[in-house]
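Q: I would like to learn how to read the features of a structure like this one. Could we go through it together?

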Amino acid sequence: MIELAERPDAQPAQSSAAGGAATIAVLADLIVLRLAAADGATRAEVVRDLAPLAAHRLSPGELREALDGALVRLRLSRLAVERRARYTLTDEGRERVAALYGSRPLACDWPAIRDGRLVAAALGLAGEGAARLKALEHPDSLRAAILADAFGLRIGRSGRTSASRLRTKLAVAALDRAFGNRIRTGLGDEKGLSARAGRLLAGQLLQRPRDLGTDSRLIATLAAETIGAVQTDAAALRIALLRRYVSQRLEAAGVVQPPPPESRPRMVAVSAPAGDALDVQVGPAGTTGTARSAGQRPDMAGFVVAVKRAAEAHAEGWPGNRKAFVCHVWEAIQRMHPAWGLTPVEFKAMLIEAHRTGNLALANADLANKARAKELAASAIPYKNTVWHYVRVEEAA
């Protein structure tokens with residue numbers, strides 16, 4: 001009876017011990033990089049420099065205990081030695097650093113190593129050359145790398161790209177997401193969208209879709225949201241990125257405890273500039289600028305079928321020239337497929353892509369009709385040198 005009563009307590013103890021060993025292993029891989037700096041580091045320096053990266057997952061007492069255990073582990077593994085209270089790497093320790101973070105020489109001081117090699121590892125860029133690491137020191141390149149990692153973008157070997165090019169790539173990513181990540185669009189390659197239209201489309205990737213007015217503000221806010229940073233400056237991005245990296249390593253090692261609620265970052269609200277409704281209002285108000293969760297997004301074929309069905313129901317004109325206002329088609333799609341969770345901006349971009357690929361045809365209003373001015377304005381889709389207002393309806397053969 002006594003033995004049975006003690007077993008439930010033994011399992012949590014074993015689980016706690018396993019979690020502690022996993023935590024020590026993760027922290028040891030961070031410490032070994034810290035010791036790669038010139039002259040190594042003392043225990044106090046290790047705690048000071050690494051505590052901010054793991055404090056969101058471990059209490060101060062747990063963190064100090066785990067760091068002490070990791071230092072012991074490094075000594076026993078002959079990856080580090082201690083002389084006069086200072087820890088330095090052995091040859092085996094330097095090989096461990098090369099295996100984890102790349103074989104090229106590291107910088108001499110810890111801030112440079114942290115902001116270069118460790119940030120690169122957090123972005124999946126371990127082993128990159130000095131030029132790529134140097135680019136990560138620049139805030140714009142850091143934001144671009146964060147977004148490239150989050151959305152699968154290609155920004156070139158140098159890691160540098162302009163805000164306008166990055167905005168275009170983000171717009172393409174937003175359009176791909178609107179189609180349920182089941183198309184490969186050439187929209188961004190043609191640069192057919194205006195800067196504002198592309199920014200509005202890329203803004204759909206934000207937690208609260210909106211136009212932030214400039215490409216730089218969009219990129220900075222989206223990068224911060226992506227990694228849960230509380231601010232958009234480079235220092236805040238780095239600490240949030242490295243904390244996420246530590247969390248991922250801990251979870252991969254089997255340490256799955258959630259972070260304490262008080263440490264979860266909160267985004268700073270950014271207000272959208274006035275005039276945000278231009279080229280956005282396609283239907284009833286209130287569908288833009290609010291957080292929403294995307295439902296089951298359509299692929300191209302499903303989207304085209306639904307649009308053609310809606311356009312047929314709202315077509316105007318005479319045989320051979322029947323067409324439906326985009327705003328009427330949008331209202332019908334909202335009623336027919338609310339689970340898609342589309343916004344007006346996404347819907348317009350999807351229409352452009354369907355037209356560009358020949359899956360359906362859009363048309364423009366040749367003559368201004370003051371009686372239909374509201375519908376024309378609500379339906380307008382600027383693309384290249386044209387403004388579309390209608391979806392053409394195919395005549396039955």
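**Cysteines, helices and sheets**

A: We can begin with C108, which counts as exposed because its relative accessibility is 59%, where exposed means over 50% relative accessible area, buried under 20% and partly exposed in between, with a 1.4 Å probe and protein chains only. This is a predicted model, in which local features need pLDDT of at least 70 and side-chain atom pairs count only at pLDDT 80 or more, while totals for chains, interfaces and linings use all residues. Residues are numbered from 1 along each chain as its sequence is written, and side-chain values use heavy atoms, with hydrogens and water left out.

Q: Is C327 buried or exposed?
A: C327 is buried, as its relative accessible area is 4%.

Q: How many disulfides are there?
A: In general, a disulfide is a covalent bond between the sulfur atoms of two cysteines. Here the rule asks for a pair of cysteine sulfur atoms within 2.5 Å, and by this rule the count is zero.

Q: Which residues of helix α14 are buried, and what do the buried residues of α14 pack against?
A: An α-helix has 3.6 residues a turn, so residues three or four places apart point the same way. In α14 (residues 326-336), the buried residues are V326, C327, H328, V329, W330, A332 and I333; helices (H or I, at least four residues) and strands (E, at least two) are DSSP runs, numbered from the N terminus. The buried residues of α14 pack against α13 (300-313), β4 (323-325), α15, α16 (373-379), β6 (381-383) and β8 (390-392), with contact meaning heavy atoms within 4.5 Å.

Q: At what angle do helices α8 and α15 pack?
A: Axes are lines fitted to C-alpha atoms, for helices over the stretch in contact, and angles run from 0 to 180 degrees between N-to-C directions. Helix α8 (residues 163-178) packs against helix α15 (residues 344-356) at about 90 degrees, their axes being 10 Å apart. That makes α8 roughly perpendicular to α15, on a scale where angles under 35 degrees count as roughly parallel, over 145 as roughly antiparallel, 65 to 115 as roughly perpendicular and the rest as oblique. From α8, L175, R177 and A178 meet E346, A349, M350 and E353 of α15. The residues of this contact divide into four nonpolar, no polar and three charged, with Ala, Val, Leu, Ile, Met, Phe, Trp, Tyr, Cys and Pro counted as nonpolar, Asp, Glu, Lys and Arg as charged, and the others, Gly among them, as polar.

Q: What is the order of the strands in the sheet that contains β1?
A: Strands of a sheet pair through backbone hydrogen bonds, either parallel or antiparallel. The order in this open sheet of three strands is β1-β3-β2, with antiparallel pairing, where two strands pair if DSSP finds at least two bridges between them. Because β1 (41-42) and β2 (80-83) each have a single partner strand, they stand at the edges, and one side of each is left without a neighbour in the sheet. Two bridges join β1 to β3 (residues 86-89), with T42 opposite R86 in β3, while β2 and β3 pair over four bridges in the antiparallel sense, with R83 also opposite R86. The hairpin formed by β2 and β3 has two residues between the strands, and R84 in the turn has a positive phi of about 55 degrees.
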